[in-house]
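The sequence and structure are shown first.

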Amino acid sequence: MNDTESIRPFSFGERESICEAAFRDAGQLWFITLENLEMSVFTCEDDYVTGLNAIAVNVARTGAKDYIDVLMSNHCHFIIGGDPMVRDEFMDRWRNQVNVYKRSKGFKTNLKRWPYKSILIPDVKAVRNIAVYIARNGYRAIKDATPTGYPWGCGDLYFNGRRAFYPEGTPYNSLPKTAKRDICHSRDLILPDTYKVHRGMITRESYICLPGIESFFNSGNQYFSMLARSGESDLAISAMTGGDTIIPDDEMFSNVLMWCRKDYNTVRVSELSPE
C-alpha cells in the first residue's frame, strides 16, 4: 500500500458483525432492575455517593462487571456481567451494604430484601436498547438534566473524548483508614490499586466497563442517536420485561408524531383512521 492509498473504512455490516462478536465474547449479561419502592431510598448526595461506592466495592469483591447503571430515588437499573452466582452475590452484597448505611441513618425498611428482577440479555440489539434506556432514566425524572448530565448514572462516560480531562482522583490505597472506612462501610478495606477517589466517591472510570458498552454500538453516533429517539428502546424494554414502560406525556406525543410522519406521511393525528 502506497502513501496515497487510503484504508477502506468498515461497512455498516462489518461494524455490526464486530459488535455481535463483542457481545458474544462478553459472556452472560443481565438487565437488573430493583423494583420501585413506595418510599425514597436515596434522598441526598451522601446517599447516592454511598450507593455508587457500594457498587464499586462489590464489583471488586465479587468479580462482577458493571457495564452501566443508574440510581434513582426509589429504584435502580444495572447491566451486570457474570454468571448467575456472581450476579446474585453482587446484588446480595450491594443491597446489604446499602441497608447497613441506611439503617445507621434511621431508615426502617430492610433493603437486604429489596426485590429485583434479572433478565438475561439475548443479543446485541437488546443490550443497546437497555443501555440507552438506563442512560435516559435520570433525564426523564429530572427535567433540568440531560441524557448525559444526570450525576448518579454514567451515560456521560461513553464515547466521550473529554474523559481524559475529568479529575483523575487520589489513589484509594493511599488514603488513611478512616477515609477508606467512610467509603467501604465495612471492615474489609482492600480494593484494587486502579481505584481512585474524588470528593469521597470512587471514580466511575475506576470500575465501569466502558469499552464493553462502547463495543456493542457500531459508533458513537449510533449511541447518541438512540439516546435522542427513545420510543423504540422503550417499547423493546417493555416487550422484554412483560411490563409497561412509563413514557412522559411530551415524549409520548413526540413519538406519536414521529411514527405518523414515518409510517403514514402525516403529522396530524386527527387524519388517521381508527382502523
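In this predicted model, N74 sits in the loop that links β2 and β3. The points below take that residue first, then the sheet, then the helices.

- Apart from neighbours within four places in sequence, the residues in contact with N74 are E35, N36, L37, M39, S40, V41 and W114.

**Sheet**
- Four strands form an open sheet in the order β2-β3-β1-β4, and their pairing is antiparallel.
- The edges are taken by β2 (65–71) and β4 (116–120); each has a single partner strand, so one side of each lacks a neighbour in the sheet.
- From one strand to the next, the twist averages 15°.
- Six bridges join β2 to β3 (residues 76–81) in the antiparallel sense.
- Within this pairing, D69 is placed opposite F78 of β3.

**Helices on the sheet**
- Helix α2 (residues 45–62) packs on the sheet and touches β2 and β3. The direction of α2 makes about 165° with that of β2.
- Helix α3 (residues 84–104) also packs on the sheet, where it touches β1 (29–34), β2, β3 and β4. The direction of α3 makes about 30° with that of β1.

Definitions and conventions: Residues are numbered from 1 along each chain as its sequence is written. This is a predicted model: local features need pLDDT of at least 70, side-chain atom pairs count only at pLDDT 80 or more; totals for chains, interfaces and linings use all residues. Side-chain values use heavy atoms; hydrogens and water are left out. Two strands pair if DSSP finds at least two bridges between them. Helices (H or I, at least four residues) and strands (E, at least two) are DSSP runs, numbered from the N terminus. Axes are lines fitted to C-alpha atoms, for helices over the stretch in contact, and angles run from 0 to 180 degrees between N-to-C directions. Contact means heavy atoms within 4.5 Å.
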